[in-house]
Amino acid sequence: MIIWIATIAAVRLISFALGSAKYGKAAFIHTYLNKAAGVLFFLSPFLLFLFGDAFTVATVCTVASISAAEYLYINICSEKYDPNYRSALMRRS
């Protein structure tokens with residue numbers, strides 16, 4: 001579990017550094033998955049109580065992993081900085 005959490009943190013740091021270097025400013029992106037990961041992380045003490053360790057950690061880390069991968073993908077593929085990018089899965093207009 002610790003390796004999984006450290007990997008998520010490393011991917012997020014790399015994504016942030018890449019986006020900041022690419023756009024010339026702090027590149028925080030507010031995607032739906034990022035918000036979902038934050039909500040799950042915030043609720044994790046309650047989820048631990050209700051569902052136990054294994055389910056809670058697996059759920060939070062799975063959503064956070066997908067969110068971190070999306071964050072990296074957006075920073076690599078985006079032409080311009082848009083902090084309100086909703087999701088890599090949604091079509092841009």
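Helices are DSSP runs of H or I with at least four residues, numbered from the N terminus. This is a predicted model, where local features need pLDDT of at least 70 and side-chain atom pairs count only at pLDDT 80 or more, while totals for chains, interfaces and linings use all residues. Residues are numbered from 1 along each chain as its sequence is written, and side-chain values use heavy atoms, with hydrogens and water left out.

**Exercise 1.** Let's start with the pocket: work out which helices line the largest pocket.

*Solution.* A pocket is an open set of points on a 1 Å grid over the protein atoms alone, where a 1.4 Å probe fits, with protein on both sides within 12 Å along at least five of seven lines; lining residues have an atom within 4 Å of a point. Step one: the lining has 15 residues, with Ile5, Phe41, Val60, Cys61 and Ala64 nearest the centre. Step two: α1, α2 and α3 each supply at least two lining residues. Step three: α2 gives the most, six residues.

**Exercise 2.** Now describe how α2 packs against α3.

*Solution.* First, take the axes, which are lines fitted to C-alpha atoms over the stretch in contact, with angles running from 0 to 180 degrees between N-to-C directions. Helix α2 (residues 32–51) meets helix α3 (residues 53–77) at about 175°, and the axes are 9 Å apart. Next, classify: α2 is therefore roughly antiparallel to α3, a term for angles over 145 degrees.

**Exercise 3.** Find the contacts of Leu18 beyond its neighbours within four places in sequence.

*Solution.* Contact means heavy atoms within 4.5 Å. Leu18 sits in helix α1 (residues 2–23), and its partners are Leu72, Asn75 and Ile76. Finally, Leu18 and Leu72 are 54 residues apart in sequence, yet 8.2 Å apart in space, C-alpha to C-alpha.

Methods. Parallel < 35°, antiparallel > 145°, perpendicular 65-115°, else oblique.
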